[in-house]
Structure formats: C-alpha cells, structure tokens
Amino acid sequence: MPPVELLLMLLLLATVIVVARLKDLFAAAMLTGIASLLAAGLFVLMDAVDVAFTEAAVGAGVSTVLFLGALSLTSRREKQERNRILPLVIVVATGAALIYGTWGMPVYGDPEAVIHHHLAPDLIAQTEEKIHIPNIVTAILASFRGYDTLGEVVVIFTAGVGVALLLGGLHRRGKEEES
Amino acid sequence: MRPASRVREMPVLRVIARALVPMILLFGLYVQFHGDFGPGGGFQAGVIFAAGLIIYALIFGLGALRRVVPPILTERLMAGGVLLYGAVGVVAMFLGGEFLNYSALDPLTTGHHGQHLGIIAIELGVGIAVASTIMRVYYAFVSRRPGGAGAAEAPGDTP
C-alpha cells in the first residue's frame, strides 16, 4: 500500500477507535467529521472524486452540524452502558461479515474485474457519442440512470418530510408563520 | 449559560463568516452548474449551499437565517425540486420522446443540446430539493424545544 494511503488508513483507524471510546459526545461528533474527511481523502486517492466530494460535504459538513443539533436536545455525555459485551459482539460480528464479503471482491484496480467489462465500456462509449459531456459520472447518474436519480430525489424528499413530521411539524395551509 | 450566545459575539468568527459564507454559496453554484464538466452535481451543490446557510445561522443566529430562507419556503422548495425533475421528464414526453429522454428536448438537432439542457434542468431540481431538505431538517432540529441551542436563539434573536 502506498505511504499516503497507509497514513490515511492509520489516521482513520485511530479516529474511529477514539470515537468509540469517548464519552464526550460533542468531541465524538467532531471526530466523526474528521473521520469523514479522512475517508474523503482516501476516495480522492482512489480517483473517485465525485464520491469524495459527497463524503466531504455530507459526512464532514452537514451531518456534523446535525449531530450537534441533536446533541443540543439531549445530554452531552454518554451514559455508562451496563452491558458492554453484547454491543461488542454485534459490532465484531458485523465487521467480520463485511470483511468476509470483501474476499469475494476483485483486487482493487484489477483491469480484468467483471465491473470493467459488463456495462462500463458501453456507457463510456455512449457518453461520448450521445451525451457529449466530459463527466461520465454525471452522464450516467443524470441521463442513463435518470429514473434511479428521480427515485433518489424522492427518497430525500420523503426523508425530509419524515423528519419534519416527527420533529418540527409541517406548516399547514393558512397557518403561515409559526413553528 | 450556553456558549452558543457567546460564540456570536466573537468578532473573529463574525468577520470570517461574513467573508466565507458568500464564497461557500458561490462555490455551491459553481458545483451545481459545472457538474457536467467537473466533479460534483446537484446533490453535492445542494449540500454545500445548505451548509453555507447553516454556518450563517450558527454565527448570526437562527432569526437571521429565517429572514433569508423562511422555513415554509424550504418546504415548498423540497416539493418544487422533485416536481422540476419530474416535469423535465413529462416535457420530454410531450415533445415526442420517452419519459426523461432529454434528447427529445431539442427536436431540431438530433444531438447533444437536449441532453445538456435536460441534465442541467434535472440537476437543478436535485440541488433545490437537497438544499431545502437539509435546511428543513436543520430547522426541525433547532426549533425543537426551549432549552435547546435553536430555542436559545429563537426568542431573543430579533436584533
């Protein structure tokens, strides 16, 4: 593994361990943001700039603020958990399952991997031919997969409505300024 | 006493926020409309735009943000963004193509203009929906109940 990736991985690992051990939720929220930023750095090194962009904006930016907003509604310190074995078992089992899953994946950067031969050449060729914009990711998300993206926007909309109904109360017609 | 009220009196934060927030909003617009050429697109742009406005609220108070973007406006824009996206698809149908087939948006040339137009329009819909949803979620959190950070600002916030 190249040194920069290794450094980011180690920093990420250290951050995550500290987050798990911290009792101060304010500091934990901040460190979660830092973990997101480190992950975004890793994505940039893997040439996944669009994903890195999203990770930095959502993970390091907005979700940290929303964590803080949630913290202001509850206490700042975590309660001492009485049963500490069960959460540990669940986390280790989930982690082990995820790592087991990666054994089935092709080696990172392998040009022979299925994903590079199934649809990708077609999409790359058609982006140039039919859509004619340089960013293939945008072409796929916005045009080839327009239905999917419409569905995603509806999901975001639904999530917003759900949060507003649960926490804030939506505005009703005729009851304009009140919340 | 919550530190939130003291944060707002720090001159360094206020000056830096005053300089940074317009930059962040401008960068959001750049990411929005440059998404077909560089990394980014409607989703990232919406998040950045909303983050810029939330920073504004953190420094200058919730009341200041309410005057710029009233909560009711965020609700309307949430639906408006989704409707804009869907409307592009319907317009494409009326012009003789399939739903969301942007090539139909430009019937005179058989080529890329319709695709460009369609992508810009739906990315704008995505950006509007994402930005307003995040703002709405933020409003939902901060105006939850007295004693919270948002409520600490809400009553005495009109200057």
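How many residues of chain B are in contact with chain A? I found 48 residues of chain B in contact with 42 residues of chain A. Contact here takes C-beta atoms, placed from the backbone, within 7 Å.

Notes on the source. This is a predicted model; local features need pLDDT of at least 70, side-chain atom pairs count only at pLDDT 80 or more, and totals for chains, interfaces and linings use all residues. Residues are numbered from 1 along each chain as its sequence is written, and chains are lettered from A, ligands numbered from 1, in the order in which they are written.

Next, the side of chain B that touches chain A. Here α3, α5 and α6 of chain B each supply at least two residues. Helices are DSSP runs (H or I, at least four residues), numbered from the N terminus. α6(B) gives the most, with 19 residues. By class I noted 29 nonpolar, 14 polar and five charged residues. Asp, Glu, Lys and Arg count as charged; Ala, Val, Leu, Ile, Met, Phe, Trp, Tyr, Cys and Pro as nonpolar; the others, Gly among them, as polar.

Then I looked up the largest nonpolar core. The core has 64 residues. Such a core is a set of buried Ala, Val, Leu, Ile, Met, Phe, Trp, Tyr and Cys residues joined through C-beta atoms within 7 Å; buried means 20 or more other C-beta atoms within 10 Å of a residue's own. Among the residues touching the most other members are Val62(A), Ile54(B) and Tyr138(B). α6(B) gives the most to this core, with 16 residues.

Leaving aside neighbours within four places in sequence, Ile54(B) is in contact with Val65(A) and Tyr138(B).

Conventions. A residue is buried if 20 or more other C-beta atoms lie within 10 Å of its own, exposed if 12 or fewer, and partly exposed in between; C-beta atoms are placed from the backbone. Two residues are in contact if their C-beta atoms, placed from the backbone, lie within 7 Å.
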